[in-house]
Amino acid sequence: MKMHFCIPVSQQRPDALGGRYMLYSVYLDGFLFCKVRYSQLHRWNEQLKRVFGNCLPPFPPKYYLAMTTSMADERRDQLEQYLQNVYRAPFCLQDTFSITTKKASLDLFLPDGRSIKVEILTSDTAERVLEVVSHNIGLCQELLDCFGLFLIQFCKEGRLSVVKKLADFELPYVSLRSSEVENCKVGLRKWYLDPSLDARLMDCRAAVDLIYMQAIQDIEKEWAKPTEVQRQKLEALQKEDNRTEFLALAREVRHYGYVQLEPCTCDHPEPGCQALLSVGNNEISCCITLPDNQTLDVIFQMDRVKCWRVTFLGTLLDTDGPQQTLNQNLELRFQYCEDSHWRWFVIYTKQAFLLSSCLKKMISEKTVKQAAENPEMQIEVPEQGKSKKYHIQQNQKDYSSFLPRKSKIKIAEVDCGFGTIKEDL
């Protein structure tokens with residue numbers, strides 16, 4: 001799955017010899033991934049060259065003279081493009097720039113609120129941690145692709161918010177400690193959006209327990225919305241601990257298995273409307289609050305979505321404190337066929353990358369299902385670095401694109417007012 005690297009912030013720092021250097025904040029899918037110097041990235045690039053040779057993208061050259069402000073901005077853009085190109089190279093970005101490996105304990109939260117302590121290495125990837133967890137709880141290895149690790153924010157009054165899904169190569173221990181979101185924890189949740197895929201899990205006791213716990217939690221948090229009759233039947237089945245029948249009935253509940261986003265803003269039916277989005281079962285379900293406080297339920301079917309893209313917006317004014325402004329200024333816009341006409345719909349949400357991941361997941365699941373039903377269907381697998389296009393019964397699907405910045409992001413005075421800077425290796 002495509003990942004998006006961005007370096008919207010750099011800071012001037014003093015070194016031990018009285019000089020100055022630049023510290024770059026690398027963001028992955030809108031969240032702080034790490035902070036590194038040019039010299040660290042340069043050494044990392046040299047290590048990659050020894051392994052992969054000349055297939056690497058070009059690395060930004062170092063300057064032997066003092067850098068001007070425009071030169072520093074240009075270098076930051078070049079480093080950002082370099083990281084994007086490295087990820088798109090024939091090999092996949094699988095390591096971080098400088099991580100000290102040591103033993104650590106990670107509290108991993110289950111859907112029912114309980115946590116289990118997992119012994120890991122600080123350099124363990126999310127994929128590796130998931131394997132360790134599956135072994136500890138007895139989850140079948142062949143079902144690992146049905147689950148994922150997520151950063152989850154635990155809010156006041158028992159609310160929770162799914163911040164992002166951790167990519168397989170991310171380091172949960174590091175991501176958790178570098179997260180700028182308060183009260184954030186690593187949680188285990190199922191990672192599929194087609195409710196019918198529950199059938200794959202029913203022969204594994206541990207898998208059934210996990211999706212059962214998540215179903216109960218989603219109903220309690222009102223992410224899934226049963227009718228009163230359904231609620232009474234579900235409560236009776238829960239008292240009987242009849243998990244199989246509970247899940248069978250839960251699949252009939254509105255928004256079962258959907259991912260619910262935090263309240264956001266959209267431009268439909270008019271700009272500035274507040275919206276609550278739930279994503280799953282091949283649709284984007286929006287509960288929109290109109291200016292007169294009436295609500296409007298709108299459903300966008302994924303079959304009629306042609307493409308979408310995520311864009312960074314807004315202004316960063318503070319590089320010393322949490323970079324929350326960046327996360328709150330993202331938009332996802334998608335092209336949708338309505339009344340035989342294509343038009344763009346815009347959603348402004350700090351969870352734009354999570355929303356994009358959900359859209360990709362739904363398309364992937366439907367593609368696999370249609371391929372199984374129609375073996376002659378043509379599926380084109382793109383080469384690394386090229387945009388993904390699927391041909392499904394002659395209908396073209398374009399995956400997402402990413403715009404680093406709609407306009408140049410304004411940064412702190414410490415970053416853009418330094419005049420000339422000499423940066424050494």
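**Aromatic rings and their surroundings**

Author: Phe-59 has a relative accessible area of 15% and is therefore buried; the term buried denotes under 20% relative accessible area, exposed over 50%, and partly exposed the range in between, with a 1.4 Å probe and protein chains only. The model is predicted, so local features need pLDDT of at least 70 and side-chain atom pairs count only at pLDDT 80 or more, while totals for chains, interfaces and linings use all residues. Residues are numbered from 1 along each chain as its sequence is written, and side-chain values use heavy atoms, with hydrogens and water left out.

Tyr-38 is also buried, with a relative accessible area of 1%. A pair of aromatic rings is described by the distance of the centres and the angle of the planes. Rings of Phe, Tyr and Trp (its six-membered ring) pair if their centres lie within 6.5 Å; planes under 30 degrees apart count as stacked, over 60 as edge-to-face and the rest as tilted. A search of the whole structure finds 12 aromatic pairs. One of them joins Tyr-38 and Phe-59 in a tilted arrangement, 5.4 Å centre to centre with 45° between the planes. This pair links distant parts of the chain, 21 residues apart: Tyr-38 belongs to helix H1 (residues 38-52), whereas Phe-59 lies in the loop between H1 and helix H2 (69-88). Helices are DSSP runs (H or I) of at least four residues, numbered from the N terminus. A second pair, Tyr-336 and Phe-345, is edge-to-face, 6.0 Å centre to centre with 80° between the planes. Both Tyr-336 and Phe-345 are buried.

Ring pairs also connect Tyr-38 and Phe-59 with Trp-44 and Tyr-82 in a cluster.

Other aromatic rings have a charge placed over them, meaning that NZ of Lys or CZ of Arg is within 6 Å of the ring centre and within 35 degrees of the ring normal. The charged end of Arg-177 sits over the ring of Tyr-173, 3.8 Å from its centre. Likewise, the charged end of Lys-185 lies over the ring of Phe-154, 4.7 Å from the ring centre.

As for the cysteines, a disulfide is a pair of cysteine sulfur atoms within 2.5 Å, and by this rule the count comes to 0 disulfides. Cys-204 is in no disulfide, the nearest cysteine sulfur being that of Cys-140, 3.3 Å away; Cys-204 counts as buried, at 4% relative accessibility. Cys-273 is in no disulfide either, and the nearest cysteine sulfur, that of Cys-266, is 5.5 Å away.

Definitions and conventions:
Helix = DSSP H or I, 4+ residues; strand = E, 2+ residues; numbered from the N terminus.
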